[in-house]
Amino acid sequence: MTTKQKVYLVDDEPALLRALSRLLRAEGFDVTTFNSATSFLETYDPTLPACVVLDVSMPEMTGLELQQHLINSASNFSLVFLTANGDIPMSVRAIKAGAVDFLTKPVKDSELIGAIRLGIKKTEDNQSLRNEVQLLKERLILLTNREKEVFTHVVAGEPNKLIASALGITEQTIKVHRGRVMHKMGAESLAQLVRIAERLGHLDSN
Amino acid sequence: MNWVTIIWSMVASASLTLAGIHGLVWYRQRSALASLMFCLMATATAGMAACELWMMSVQTTLEYNYALQCFNVLRWMITLSMVGFVHFYLGTGRKWLALSVCGLRTFGLLLNFTLTPNIYYSSITELRKIMFLGKSVTIVEGTPNPLMFVGQLSLILLAVYLVDATMRGHRLGIHRSLIVGISMIVFVMALSLQTFFVLWESMDTPIIASLFFMGIVATMGLELSNDMVRAAILASNLQNREYELHRERQLTDAIFESAPGMLYLHAREGQIVRWNSQHEKITGYSNEETKLMKAENLFRPEDLTKLNRSWDRAFSKGSDEIVVDLIRKDGHAIRHLFTMVRVEVRGKPHLVGIGVDLSSQRALAIETAQHNEEMAQLAQMASMSELSSSIAHELNQPLTIILSNAQAAQRLLAREKPDIKELREILDDIVSADIRAADVIKKLRTILSRGVPALEQVEPMDLFDKAISLAQADVDASGVFIIKKTASNLPKLYADRIPVEQVLINLIKNACDAMQDTDPPSRHLSLSCKQDSGFIQFSVQDNGCGLPENPERIFDAFHSTKPSGLGLGLAISRTIIRAHGGQLWAESAKNRGAIFHFNLPLDASNS
């Protein structure tokens, strides 16, 4: 492991924060603790991916409210909930809203660590997808308007002849545009180009 | 006295009287120009009668000539006022004919003054006395003037004008035109004939034109009087109608004002036409502002589609109702139920209806709920399930701290060089968390045993009623029907009210839970209370799932039959009752279900 993986702990009980951070540090994580949801929101950097372990019931702002805040901020994060007396509706709500796990106190070390690892993997996967889409978006900007049109038609599965008549230019020109689109978007085959379009479209629909 | 004097004086005086009456009418009501014309004509007729009397008694040709001049002026006046009367009264005559008649007559009058001796005679030969109606009267003999035809022509034109006006009036359906017109025509024709015979055929009669004009004046006067009578009847009808309208208005005003909420009437386009004072109070808009508003201004723009649909339905089907937020002038939203009924007002469809403030009813419901909640809080002690969950939380927290610290220590010890300093800190934290957990348990024990209860005098029935009211929400939610069986005149008992209420609530809630699988109609919960020697015994009986084989086990702590329960409720309840010196036990009911009994001693010294 080259860099220590970052974990944020949020709980209103200082003794519990100490105990959990000792456990997680011993396991090799880079732990930062916060004694309230608000102090976490004030301090953390929303542009960085984050795995957050938090208590459900805290004064001021509850864990579920913090979850909503993070969802609205569109940052890349994963959540592991801890609760002393969570009920089923509460856990369903948390999981539905994308929490990795909902654990009850006292929590077994293996369960907690497993959930954190899963959360970190989730943020990493998410990050690489985000990076890829970002790259593709940058490439997309390089396309001329005509090339974008051709791109749309090509990934819709239309043959060159049809695209040519639709855009009112010769088939030969379409071939040239098509070659440039493939090159600029870094696609080696039509299949790859379609996948790229899917990624971009997927992101747009978000 | 002779007939001539009598008739002519009567004509004159009658005409003057009529002239006076209608002159007064015109004086009072300047727009009644027909009356003015009539007044002029009648005055002239009176003058003419006088003039004729004069002519009948002249002694010299010169005097006769003066009289005739005078006669002609009056004649001119009569003609003009008659034309004027027809014009203003019937309004059907042709203007050019009227002007022609007046013009010719005026021309004739001018000729009369320029010709010598006058327009009727080129020369007057002699004056003669004849007997007429028993009086010796003067008539003249002379050569008729051919220019007299101007006068005759104007008479004929007048007749034509009258016939035309009458016909047109008749065709337009003006009833009075026929009577007035025909009488005028008849008298004018008769007059023409008489004049013709007197002048051309030297008939031996004096000029008696005033009689004919008197005839016309009489008919006109009659018609005008009829009109006045009709107007008077109309006016009195109008007054009655106005009075009735006024009363109707007062009645609807009273109805509008008596409505419990806002009442309104608005047009198809939304203008608010009428409203009551409640409307002003509720919306906050003054009457002046409401006048300029449309119904839609009282609502949120996003509610308008729904409102328009409702209005359309009301206009097409006759009535509708809708629940929507009314937005006050100050921006406050008040939920209202609006009823609307279509009505025709001045031939246009309108909606009338009332707005019932639902928020006040809702506010009442919320208030009641809040009140209940406050009462529950007054009970101070959290309900059993809340207590268990708070125990769970209080114990879980230190247990987690202990577990996590211990697991961290295991990991540290697995290293080659364990950090002794950190291990010491870990052990310190474990010790303090352990002490904390022990404190929680100690606190719990004090709550449960509570030492000697704080006793007060309590009516047994009050305990039941309070417990039922606090558990009512759960009872209603479970669809359970409560039957209370109580003995009368139960003695008061000494108890710590709040914990005992909690025991009752706990038993009621348990019973409701036990009847989840019971048929809804037979979900009966009977609560009874009776005196049993030195105790008051309370019983809660359900017909639910019943008790397990060994009923005593259910009073053990952490024994639970419910998936979400901790199994502390009955254990705590028994502790509370025992602290009062009573007993809590359970038995199976005869058919199905369970009965829970507890008793409390009557006298405090028993505990």
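Predicted model: local features only at pLDDT ≥ 70, side-chain atom pairs only at ≥ 80, totals over all residues.
**Figure 1. Chain A at a glance: nine helices and five strands.** Let us start with the overall make-up of chain A. Reading from the N terminus, its elements follow the order β-α-β-α-β-α-β-α-β-α-α-α-α-α. Chain A has 206 residues, and 29% of them count as buried. Its contacts also reach across the sequence: where the partners are at least 6 apart, 60% of the contacts join residues at least 24 apart.

**Figure 2. Chain B at a glance: 16 helices and 14 strands.** Here we turn to the partner chain. Chain B has 607 residues, with 33% of them buried. For contacts in chain B with a separation of 6 or more, 65% are between residues 24 or more positions apart.

**Figure 3. Where chain A touches chain B.** This view shows the contact between the chains, to which chain A gives 16 residues and chain B gives 18 residues. Which helix supplies the largest share of the side of chain A that touches chain B? Helix α1 of chain A, residues 14-26, does, with eight residues. Sorted by class, the side of chain A that touches chain B holds nine nonpolar, one polar and six charged residues.

**Figure 4. Helix α1 of chain A, residues 14-26.** Now for a look at this helix by itself. Is α1(A) mostly covered or mostly uncovered? It is mostly covered, with 10 of its 13 residues buried. Among the buried residues of α1(A) are A:Leu16, A:Leu17, A:Leu20, A:Leu23 and A:Leu24, and A:Ser21 and A:Arg22 are buried too. Just past the end of α1(A), look for A:Gly28, which takes a positive phi of about 100°.

**Figure 5. A:Leu23, a residue of helix α1 in chain A.** Why does A:Leu23 count as buried? A residue is buried when 20 or more other C-beta atoms lie within 10 Å of its own, and A:Leu23 counts as buried because it has 26 C-beta neighbours inside 10 Å. Setting aside neighbours within four places in sequence, A:Leu23 is in contact with A:Asp109 in its own chain and with B:Ser404, B:Gln407 and B:Ala408 in chain B. A:Asp109 is 86 residues away from A:Leu23 in sequence, yet their C-alpha atoms are 7.8 Å apart in space.

**Figure 6. Helices α6 and α7 of chain A cross.** Follow α6(A), residues 145-155, and α7(A), residues 160-167: their axes come within 10 Å and cross at roughly 140°. That angle makes α6(A) oblique to α7(A). The crossing is right-handed. From α6(A), the residues A:Glu149, A:Val150, A:His153 and A:Val154 meet A:Ile163, A:Ala166 and A:Leu167 of α7(A). By class, this contact has five nonpolar, one polar and one charged residues.

**Figure 7. A:Leu143, in the loop between α5 and α6 of chain A.** Is A:Leu143 buried, exposed or partly exposed? A:Leu143 is partly exposed, because 17 other C-beta atoms lie within 10 Å. Apart from neighbours within four places in sequence, A:Leu143 is in contact with A:Lys148, A:Phe151, A:Val181 and A:Lys184. From the C-alpha atom of A:Leu143 to that of A:Arg180 is 8.5 Å, with the two residues 37 apart along the chain.

**Figure 8. Helices α3 and α4 of chain B pack with their axes 10 Å apart.** In this view of chain B, α3(B) covers residues 61-89 and α4(B) covers residues 95-114. They pack at an angle of about 175°. That makes α3(B) roughly antiparallel to α4(B). Residues of α3(B) in the contact include B:Val73, B:Trp76, B:Leu80 and B:Val83, while those of α4(B) include B:Val101, B:Cys102, B:Leu109 and B:Phe113. The contact of α3(B) with α4(B) has nine nonpolar, six polar and one charged residues by class.

**Figure 9. Helix α15 of chain B, residues 497-514.** The last view shows a helix of 18 residues. From first C-alpha to last, α15(B) reaches 26 Å, close to the 26 Å expected at 1.5 Å a residue. Of its 18 residues, 14 are buried, so α15(B) is largely enclosed by the rest of the structure.

How values were computed: Residues numbered from 1 in each chain as written. Chains lettered and ligands numbered in written order. Axes fitted to C-alpha atoms, helices over the stretch in contact; angles between N-to-C directions. Helix = DSSP H or I, 4+ residues; strand = E, 2+ residues; numbered from the N terminus. Parallel < 35°, antiparallel > 145°, perpendicular 65-115°, else oblique. Left-handed = near helix turned anticlockwise from the far one by under 90°. Contact = placed C-beta atoms within 7 Å. Nonpolar A, V, L, I, M, F, W, Y, C, P; charged D, E, K, R; others polar. Buried ≥ 20, exposed ≤ 12 C-beta atoms within 10 Å, placed from the backbone. Expected span 1.5 Å × (residues − 1).
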